[in-house]
Amino acid sequence: MKLSLNWIKKYVDLPEDLTMEKLAYDLTMCTVEVEEVTDLSESLGGLAVGKIITVEPHPDADKLRICTVDVGDMVPSTIVCGGINLAPGQLTIVGKPGAMVRWHGAGDPVEIKPAKLRGVMSYGMICSSGEIGLEELFPVSREAEIMDITEFAAEPGSSAADALGLNDIILEIDNKSLTNRPDLWGHYGMARELAAIYGCRLMPLEKASIPEYSGDLSVVIEAPDRCPRYAAVTFKNIKNIPSPFELKSMIWRVGMRPINLPVDITNYVMLATGQPTHGFDKNHIKGSIHIRTAREDEKLELLDGEILDLTVSDLVIADEKSPVALAGIMGGKLDSILDDTEEIILEVANFTAMGVRRTAQRFDIRTEASSRFEKSIEPQRVDGALAVAVNMFKEYFPESEITGFADEYPLPLKNSEVEVPLSFLSRRLGKDLTAEEVIMILDNLGFKTAVKEGILHVTAPSWRSTGDISLPDDILEEVARLMGYENFDLIPPAVILEKPINQRTVEMERSIREYLAFRCGMQEIFTYPWTEDEYIEASCLDTKEMLSLSTPPSPEESRLRSSLIPGMMKGVFTNLRYFDSFRIFELTQVFADKNYHSINDPAEKLPEMARHLAGAFVGTDPRLLFRQAKGVLEHMHRAVHMEALGFEQMTKPQWADDKLWLNVMYDEKPIGSIGLISLKSARRAGIKRSMTVLFEIDVEILHPLASRQNRYTRLPEYPCVDFDLSVVFDEKVTWAEIYETASKVELVREVRFIDEYRGQQAGEGKKSVSFRIRICSDEGTLNSEKIEMITRQMIKKMSKKLGGDVRGA
Amino acid sequence: MFEEIKEHGMEKLAESGLLERLEKLKKAGMEKISETSLPHDLQTVRANLLGRKGEVTEVLKSVGQAAPELRKVLGQAANEVKDILSQAIEQRNEELINSTSSFEGAADITLPGTDFTAGGLHPITQMCYDLNDAFRSLGFEVFSEPEITSELYAFDNLNFAPEHPARESMDTYWLKGHDEERGAKRLCLRPHLTGASVRYLQKHGAPARFVYPGRVFRNETTDARHERAFFQYEALIVDKDFSFASGKVLVKTILDKIFGTDVEVRMRVGFFPFVEPGFEIDMRCLVCGGEGCKVCKHVGWIEVMPGGTPHPNVLRAAGLDPAVWSGFYINIGLDRLVMMRYGVDDVRLFHSADLRFLNQFK
């Protein structure tokens, strides 16, 4: 919202030594955020009034003229100009050489320099309104029209801002910070607030005399819960003419476009008081005015040309026949002020916030009026707005006459009352306050306060009674903000030494993440909780137990994830464009439409939510990727204080390849799976030319241990001996069998897989497995006979039990 | 010594030629030693001169066959040459070790270092853990609530008016099938973290100090500054008659941790349904030091977080008597903080899973 300082000053005597910086700072600290302070005269800086003395044709250009212009200097300046409305005696705006001018009133100032135009020197520039950002105040009717300000009778050479009365400062207020202060949505309200901040005098808002008779105007409020008050005045002898410059300029400088005099008056009233008003053409209103909800199938064409299909929950202003305005939002096109309007009905009404907001939202229309009503305006404000409006119509249309008046007020608003113990304020503010101090602050804000036995009985003014003030804490805020939040010292809270915080679940989640990132070389990613259907399909997830969003980000993303696999697949797909091998993981919540339970309030039943961990390993060798992923899970308990994970084949995840998958076991139950993405799923997910192994486990089930559980093993007393073996086995022999067989040989302390080989040298249906064996003795150093004996024993067992063929044996 | 021998006038000695041979060996040996440039070659030189079959050793051996009167002189002379050469080799060896590389050939030290295969935490997780560490050192617990909550916890408990626009589906992601429900029965993806504060207080009572970071969801049109899923960090202290002025401690903990320096803050009026009084908290612009610059829109202050005293209705919902208990909330957008910390210009990158982005925070 933009505010003009000159306008505010009409209502309040601000301290004389108050700087703009101070005002903006104080307002920001105490009330609302001032986002920007603009000096209007600065945007017209460098521009001066010029009086055209002569206009001659240019010898070498048809469209250019050579003018002599009095710009307040001893000698008139020669200026070459292409304006089509140049005339001797005319006053206009000139940029003189050396002047720094902001083109279109914005951006950095540019210096004007003398220049040769088609062979003739030109000392300066005559401006069009568009060139200096004033096109809305000085609309051009034809192209290449220069600004004509002859009617301003200004001295040549005087500054443009002075001549046009645009020496003003504009405050831009952050609308968000005004949400709960409907009283500040107008110049008068802001003046009232400033008067309270500086303790200075506020002028009362003007009064007007309105004849009591209603003429032929009758108002019927059919929905008083949505329209607590509706006042209307009819004026005859009104004309649709442009407003005088002064009025135009006032509404223009705070961001509204001047339209015509009757409409500009209604906008002025709103900008002054914060109370929206609207004018109807009386000749178009048949019979009485009804404030009612719309009927099924009713339509309304708005001022902006949009045609609405109304619903029974929309409030409209209607005549005997049909709706003529969308209440509190926008007028109808056919019945508002028109070119030939001569008699108008001026509406000054109060609509409740919720109804206006709902309708505005449904039709996605935000107007100056709706944004004010949505904040909840008090019905009492109608009085002030009515007075300002009536006085303005009388002033600007001296021949006008009030022909009717109605003021229906079925639902008066009571002023809010709050009781606050003085001790409460002192305690919560950490400062001893006297009743006098508090009463003075509240009085400046328009609150009436009575004290009885240390308790303040506070009555809020009407403009603070629409919901903003209702609790002792609200009064505390009023007092504290006007005392200035900066004037309260930082009091560090007293520290009580308690037992150390031990949150194992919280720590476990963190150590899982850190283990994966720092030890396993995996990068953490985040994906959205809504899942794209394409990836749900690729993951072969059952959609029956998936929750959905009512208004999803897109139709393809309506389901909430029940697994992290779809997100992983998408993460893999996304990154394959730039990388061919990588490892990623995500740890977060998944949802299922089942197992509803309460965690606080028994009435609240929340669906199943569990934290899952998923990872992806991308590369070229599926067996290796699988082993890498398995290794990460296998060793997790070493970094994370938990029991070790196991592996078994029980149920294949649907997205997994037939040959490479395992279920992950914990406490003898499956808690997830690991597997290579099947060709089918990879195709569906758009994953090409790469192998991906995924895993997903339910982290919620993992139980954090109090501490580490691994034990120290004594170092061997005598040196151990390692030797490697390569054995050719049939494909169906598994490592588990090899391991078990090898481990049983005498003195074997460790059996470690090295690698496996398939191919010609191994033979069809065969593989060569290499592994390293460590043998240790507790009785003495192993001699070569002993080592040879064990090696022979090992080879024999491999051959006898598993059909293994040892190379070179 | 040769002079001495000459003095003895022993022609025989001269005739034997051994002395000359020694003289030559010494000269040639010394030359060879000084020419050798690798420690390895020096060993060969040593073997050739002084080894078992070395030339000097041969001379020494032949001393025995010389005339008995000459043996002593010859022996002395040969040993002297041996010592001299041996010392020279030793000395040369020292020199070579001091000046020679362990390997042959040239090396390009401008080649890049080898990459390490570490992964990394998401930059938001990193920021969150940094803050957790700071708050836990002040005795705060870390709490979290599930991402699906109800209207009761998301709005009703937090003093949002029944018609508050945040409740509309334009703002909040409601779950399908709950459109007709209200309160505890109407479920949504949590639109903010504050609901969790009531859950914690209901279970743990007061006094309390805890943080509850997490992801929240808003139905929004996305662009470089707006996301539908984003992260917040919220902290709450509840204590007896806790003055809002003490709330500055929370603010300073966060900002000092993030920026690693003492950050000046100010609190000004702000409005949020669940706090009374409510604040917007600004920090002194670190770019210009408060002089005014583009970053702070020329005001010298940057709005960083909202905060305030829990509204009495919120405390009541948490089962606490607002006449006794009071406190202070702060809530900060983690996405924005991370963006400020690293100069990230598009909030949507956080949920992109794009490793080109994420790899930068390892």
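Strand 36 (residues 721-730) and strand 38 (residues 766-775) of chain A pair in the antiparallel sense over ten bridges. Strands here are DSSP runs of E with at least two residues, helices are runs of H or I with at least four, and both are numbered from the N terminus. Two strands pair if DSSP finds at least two bridges between them.

This is a predicted model: local features need pLDDT of at least 70, side-chain atom pairs count only at pLDDT 80 or more, and totals for chains, interfaces and linings use all residues. Residues are numbered from 1 along each chain as its sequence is written, while chains are lettered from A and ligands numbered from 1 in the order in which they are written.

**Strands of chain A**
- Strand 36 of chain A also pairs with strand 39 (residues 805-806) of chain A, in the antiparallel sense over two bridges.
- A:Val728 has A:Ser768 as its bridge partner in strand 38 of chain A, and A:Asp805 as its bridge partner in strand 39 of chain A.

**A look at A:Glu21**
- You can find A:Glu21 in helix 2 (residues 20-30) of chain A.
- A:Glu21 is exposed because it has 10 other C-beta atoms within 10 Å; exposed means 12 or fewer such atoms, with C-beta atoms placed from the backbone.
- The C-alpha atoms of A:Glu21 and A:Ala115 are separated by 40 Å.

**Where the chains meet**
- In all, 63 residues of chain B are in contact with 75 residues of chain A, contact being C-beta atoms, placed from the backbone, within 7 Å.
- On the side of chain B that touches chain A, strand 7 (residues 265-270) of chain B gives the most, with five residues.

Note on methods. A residue is buried if 20 or more other C-beta atoms lie within 10 Å of its own, exposed if 12 or fewer, and partly exposed in between; C-beta atoms are placed from the backbone. Two residues are in contact if their C-beta atoms, placed from the backbone, lie within 7 Å.
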